[in-house]
Amino acid sequence: PWAENDPRPRIAIVVSGLGLSSASTNDVIERLPGSVTLSFTPYAEHLDDWIALAHGDGHEVMIDLPMEPVSFPQNDPGPQALLTALDPGQNLARLDWVLGRASRYVGVAASMGSQFTASPHQMQSMLLALKRRELMFLDNRTTDSSTAWRLADELGVPWAASDRMLNNGPASRAAIDARLIQVERIALGQGAAVAMGRPFPVTIDSLAEWARRLPERGYVLAPISAMAYRQNPR
C-alpha cells in the first residue's frame, strides 16, 4: 500500500540483477523493506516463483531489460539484448521474449544500455511497445546521451530515471552510504529521487540500516510506480 498524498520527500530504491544467485536474492527479499523495488534478470530460472516470493514480502517488481552498452561486445548484455545493429522488429521480438519470461511486474529497468538508450529511433519503437502493455520504463542513465526519459515523457509512457547508481560491483560501505546521502539531498531539493543498486552483501547491509532510519530523517521510501513522471532529470 502507498499513500500518494504523503507530503514527505520520497525515495525509490531499485535493486536489480536478481534471480541468478539464490542466496543474494533471498537475502534481498527477506532483509529489505517491502517498499524497496526488486528487478529480476530475464535470464534467471523460475522467475514467477521468485516474483511470488517478492510479492509475498510486499515488494513491487520489475524485469531487467538488457540493452547494448557503448562497450559492446567487450561487455555483453546477453543473447536477448536489444541492439542498435538490429532492426526495430528484431528488437521487439527480443523485448517480447523478455516480457514473456514472467508476469505481475510493473515495468522494465534498463540494464546496461548506454548505446541503445542514445538511439531515439530504437527507443521509440521499444517505448511504444511498453505503452501498449501499460508498463513503466526505468532509465538507469548510464549515459548523458540517453533519450529514454524524454521520449517516454512525450509518448505518455510512465517513466522514472535513476539519480544515483549505488554500485555496479562490489563497493565499500562508506561509498554506498555517501551515495545514499546524495540521494537524500536530491529528494529534499526536488521532492523525489531514485537510486539503483546491485545485490552485493555490503549493499544489502547498507540499505537495510539506511531504510530503518529513513523515516526519522523526514523521508519516505516509495515503490518505483510512485515515482512515475515525478522527476526532472534535465
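Which backbone oxygen lies 2.7 Å from a polar atom of the side chain of Gln 231? In this predicted model, the backbone oxygen of Ala 161 is the one at that distance from the Gln 231 side chain. The protein as a whole has seven helices and nine strands, and 52% of its 234 residues count as buried.

- Because its relative accessibility is 7%, under the 20% limit, Gln 231 counts as buried.
- Besides the 2.7 Å approach to the backbone oxygen of Ala 161, the side chain of Gln 231 makes a polar contact of 2.9 Å with the side chain of Asp 163.
- When neighbours within four places in sequence are left aside, the residues in contact with Gln 231 are Trp 159, Ala 160, Ala 161, Asp 163 and Val 194.

**Overall dimensions**
- The radius of gyration is 17 Å, which agrees with the value near 17 Å for a compact globule of 234 residues.
- Along the principal axes, the C-alpha atoms fill a box of roughly 50 × 35 × 35 Å.

**Contacts across the sequence**
- Of the contacts between residues at least 6 apart in sequence, 73% join residues at least 24 apart.

How values were computed
Residues numbered from 1 in each chain as written. Predicted model: local features only at pLDDT ≥ 70, side-chain atom pairs only at ≥ 80, totals over all residues. Heavy atoms only, no water. Helix = DSSP H or I, 4+ residues; strand = E, 2+ residues; numbered from the N terminus. Rg over C-alpha atoms; globule rule 2.2 N^0.38 Å. Buried < 20%, exposed > 50% of the residue type's maximum accessible area, 1.4 Å probe, protein only. Contact = heavy atoms within 4.5 Å. Polar contact = N/O pair within 3.5 Å; in protein donor to acceptor, adjacent residues only side chain to side chain.
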